[in-house]
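Biologist: Please pick a single part of this model and look at it closely. Then carry the description on to other places in the chain.

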Amino acid sequence: MSDSLLQRSVTTAVARNLAHTTKTRPMMTSITPRLLLQQLPWVQVNGGIYRVNRTKVELPKAERIELDMVEGRASLPPLSLRNVPYFAELPDEIVARMAGSFITEDVPRGNNLLVEGKAESKFFIVAQGEVEVLFKGANGIDVRIALLTEGEYFLADGASDVTVRTLTPCKMLSLSRKDLDAVLNEEPTWNQQFWKAVAEYLELRSMVNRHGERNIDLISGFAENMQIPETFVDYSEKPREYPLASVQTMVRVHTRVSDLYNDPYDQLEEQIRLTIEGIKERQEWELVNNSKFGLRHSVDPAMRITARYGTPTPDALDDLLALVWKKPSFFLAHPKAIAAFGRECTWRGVPPPTINLFGMPLITWRGVPLIPCDKLELHSQYQSQKKDLGVGTTSILLMRVGEAEQGVVGLHQAGIPDEIMPSLSSRFMGIDSIGVAMYLFTLYFSCAVLADDALGMLENVEVGYYPEYEHREKKRK
């Protein structure tokens, strides 16, 4: 046998059998920083319910109209028109008949639905696509004052003071004055009821502020012997209540495992730790997406804007700051949306400042940090089952926080039985017949928006656009 093939020492493979192995505790990729949970101020809720008292809103607010889309055709649910303040107090039969009289129109991109100065009498609802509202400014240049998308509407009755143009191919629902008159003439009393409801709305609108609250009568000046007005502030008769939601799970650990295999890491302790991580991840997801109290679904319609050019530009974030301008605390955005915003800033030559928060660098805009949160999900028809391609649309939230600021607050009830963390309990549920121990974990929480202007949202944010790359491609050609 050749000397080169002779074994001259114990092999490392065999030697390893006599050595200790340094082990890590179990790692879990789905754990995130959960900065939203850290940024929210948490309010103690006694009795499991948090009631938000507000001043009385005399005038109903305009909301987006819910539409039904079936095979590319849009239709109005019978009473969906009640989201329009003009029609909120109409009898059910009139509203249902009006909803059935809308016609569907496919409108190409760049088409003028209304032209400033030209007479038109029509009610439009955007069923699909985007339209822009233009107004001639002081210099005679068209200024975009609004961008409307699905569920939003506009009304023309006489000479229009704006131009409304489609930005994308659109599907519109429309009701002309002629068709409306035909509906109102079907029953003898309908015409009178309709115009009475409109007149009452217009009268009420003159008595309230822009938030729908009744004006407080005041007097100011230097004149003497003026009669001092009398006033009072009324409260909402039905304040919103937030019951605490819960996340629960049952952890099962065989007693043989927890008895014997605890060095160097305690098996039961690691099972509990990882379970709590999963519970807290789900808590943050619910705070963002829950249909009853989640932030995305709690944004007032007047506090929603659409990205004008799709991408999250500095202009779009400025528009959001103009909505939530009273002590804004932070933006909340998907990491890819923050990256897209960074690209836009770089392309414009205005790189945003960076601060160190929670031990990690975060970019800011106008001094307000952009907090990353992957719970604001991407929506795209191009997502593969195996891989997220990183394209699609998402939303960016901006909020003010704290009870004292009438902002957004987290809700929990600390001090519950068997508590291991504030509002999180762990209960031993016994051992079954095969020796498996069971532990019940329950977390109680919710969140509340104390004032409508505390939370704003930038919708339809496109994250897959790379302007600098397109510029380079054009330069090569």
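Modeller: Ile-216 lies in the loop between α5 (190-205) and β13 (240-243); helices (H or I, at least four residues) and strands (E, at least two) are DSSP runs, numbered from the N terminus. This is a predicted model, in which local features need pLDDT of at least 70 and side-chain atom pairs pLDDT 80 or more, while totals for chains, interfaces and linings use all residues. Residues are numbered from 1 along each chain as its sequence is written, and side-chain values use heavy atoms, without hydrogens and water.

With a relative accessible area of 45%, Ile-216 is partly exposed (buried is under 20%, exposed over 50%, partly exposed in between; 1.4 Å probe, protein chains only). Together with Leu-218, Val-233 and Tyr-235, Ile-216 makes a nonpolar surface patch of about 460 Å². Patch residues have over 30% relative accessible area and no salt bridge, and nonpolar side chains (Val, Leu, Ile, Met, Phe, Trp, Tyr) are joined within 5 Å, like charges within 9 Å. A salt bridge here is a side-chain nitrogen of Lys or Arg within 4 Å of a carboxyl oxygen of Asp or Glu; areas come from the Shrake-Rupley method with a 1.4 Å probe.

The buried residues of α4 (residues 177-184) are Leu-180, Val-183 and Leu-184. They line one face of the helix, because they fall within an arc of 95° seen down its axis, the arc being taken from the directions from the axis to the C-beta atoms. Their cover includes α3 (92-99), β12 (170-176) and α5, where contact means heavy atoms within 4.5 Å.

Further along, Phe-331 is found in strand β16 (residues 330-333) and is buried at 0% relative accessibility. Leaving out residues up to four places away in sequence, Phe-331 touches several residues, among them Leu-317, Trp-365, Pro-369 and Leu-397. The C-alpha atoms of Phe-331 and Leu-397 are separated by 5.5 Å, although the two are 66 residues apart along the chain.

Asp-453, in the loop between β24 (436-449) and β25 (455-462), counts as buried at 16% relative accessibility. Its side chain makes a polar contact of 2.6 Å with the side chain of Lys-326 (N or O atoms within 3.5 Å, one able to donate a hydrogen and the other to accept it; residues adjacent in sequence count only if both atoms are side-chain atoms). The C-alpha atoms of Asp-453 and Lys-326 are separated by 8.3 Å.
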